[in-house]
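Subject: Structure handover and findings

Hello,

Here is the structure we talked about handing over. Please open it next to this email while you read.

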Amino acid sequence: MSGHLSETQMKFIFALRSNGVIDSQVLSAMESVDRRPFVRGHFENRSYEDIPLPINCGQTISQPSVVGLMTQALQVESRSKVLEIGTGSGYQTAILSRLARRVYSVDRHRRLVTEAQNIFHHLQIFNVTFLFSDGTLGLPNQAPFDRIIITAAAEDPPTPLLAQLKTGGVMVLPVGQSNIIQNLIRIEKQPIGLKYTEIRPVRFVPLLEGLASDSE
Ligand code: SAH
């Protein structure tokens, strides 16, 4: 996507802006990543609408404006090493790959990991490592991280992930007691203690412990 924006692209960017995505680096990263390859199938023709859509394994590709708000809150820098829990379609991952030095993305569904790997191979994106594992445990071998983003909802931020965040680092995730009431929050790890900021209410699939079986 370059040169003149099509009407569809202009509407897409307008939806992001009107939902509070104003960071110019985030907007240009999102302009440069076509959402369509990450949607595919029945809903491909709705790729540029600001709505979540179903993907394989009973999961969802997030709403673009929520992806934008999460990325904006994460304040990724060009030297950042980022951990993403919940690869899903890989759409959020692709946007992070434009902004960060290196991204590690984890999902508990083997099939989603393989599909994302294939898309990234095709798009020739090389600064992302995908892993089939339980993200609630983080990635101790690669820790610590400058930024951690969780794209599934937990009751509380998982303790291993807080431990794997650098001092000065930022974590963004949805938290909530139920599937209906969740809040997107930003956590900054300070020299002493954690600083919490609420961003907005959201609705995500749950963060589940353990690996999914291949039939799930
Ligand atoms: N940002 C993604 C959202 C995917 S939905 C997108 O826009 O496509 C959330 C994903 O979190 C699902 O793929 C689900 O399998 C994954 N997930 C849930 N619990 C997990 C866990 N413990 N470890 C890793 N991934 C998990």
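First, the ground rules. This is a predicted model, in which local features need pLDDT of at least 70 and side-chain atom pairs count only at pLDDT 80 or more, while totals for chains, interfaces and linings use all residues. Residues are numbered from 1 along each chain as its sequence is written, and side-chain values use heavy atoms, with hydrogens and water left out.

**H1 against H2**

Helices (H or I, at least four residues) and strands (E, at least two) are DSSP runs, numbered from the N terminus. Two packed helices are described by the angle between their axes and the distance between the axes. Helix H1 covers residues 7-18 and helix H2 covers residues 24-32. They pack at an angle of about 150 degrees, with axes 11 Å apart. Axes here are lines fitted to C-alpha atoms, for helices over the stretch in contact, and angles run from 0 to 180 degrees between N-to-C directions. H1 and H2 are therefore roughly antiparallel. The cut-offs are under 35 degrees for roughly parallel, over 145 for roughly antiparallel, 65 to 115 for roughly perpendicular, and oblique for the rest.

The H1/H2 crossing is right-handed. That label applies if the near helix is turned clockwise from the far one by less than a right angle; anticlockwise is left-handed. H1 supplies Phe12, Ile13, Leu16 and Arg17 to the contact. H2 supplies Leu27, Met30 and Glu31. Contact means heavy atoms within 4.5 Å. By class, the H1/H2 contact has five nonpolar, no polar and two charged residues. Ala, Val, Leu, Ile, Met, Phe, Trp, Tyr, Cys and Pro count as nonpolar, Asp, Glu, Lys and Arg as charged, and the others, Gly among them, as polar.

Helix H4 runs over residues 64-74. How many of its residues are buried? Eleven of its eleven residues are, so H4 is mostly covered. Buried means under 20% relative accessible area, exposed over 50%, and partly exposed in between (1.4 Å probe, protein chains only). Serine 65 sits in H4. At 0% relative accessibility, serine 65 counts as buried. Beyond its neighbours within four places in sequence, serine 65 is in contact with Ala15, Leu16, Asn19, Val21 and Asp50.

Helix H5 (residues 91-99) packs with H4 at an angle of about 35 degrees, axes 11 Å apart. The H4/H5 crossing is right-handed. On the H4 side are Val67, Met70, Thr71 and Leu74. They meet Tyr91, Gln92, Ile95, Leu96 and Leu99 of H5. By class, this contact of H4 with H5 has seven nonpolar, two polar and no charged residues.

Glutamine 92 lies in H5. Its relative accessibility is 6%, so glutamine 92 counts as buried. Not counting residues up to four places away in sequence, glutamine 92 touches Val67, Met70, Thr71, Glu84, Ile149 and Thr151.

Serine 47 is in the loop between helix H3 (36-39) and strand E1 (53-54). Serine 47 counts as buried, at 0% relative accessibility. Leaving aside neighbours within four places in sequence, serine 47 is in contact with Arg35, Arg36 and Val39. Its side chain reaches the backbone oxygen of glutamate 44 at 2.5 Å.

Tyrosine 104 is in strand E4 (residues 102-107). Tyrosine 104 is buried too, at 10% relative accessibility. Its C-alpha atom is 6.1 Å from that of glutamate 84, 20 residues apart along the chain. A polar contact of 3.2 Å joins the side chains of tyrosine 104 and glutamine 142. A polar contact is a pair of N or O atoms within 3.5 Å; within protein, one must be able to donate a hydrogen and the other to accept it, and residues adjacent in sequence count only if both atoms are side-chain atoms.

**Backbone features**

Which bond is cis? The peptide bond joining alanine 143 and proline 144 is, with omega about 0 degrees. Proline 144 lies in the loop between strand E5 (128-132) and strand E6 (145-150).

Arginine 40 has a positive phi, near 50 degrees. Arginine 40 is partly exposed, at 37% relative accessible area. Glutamine 75 follows H4, and its phi is positive, near 50 degrees. At 44% relative accessibility, glutamine 75 counts as partly exposed.

Best wishes
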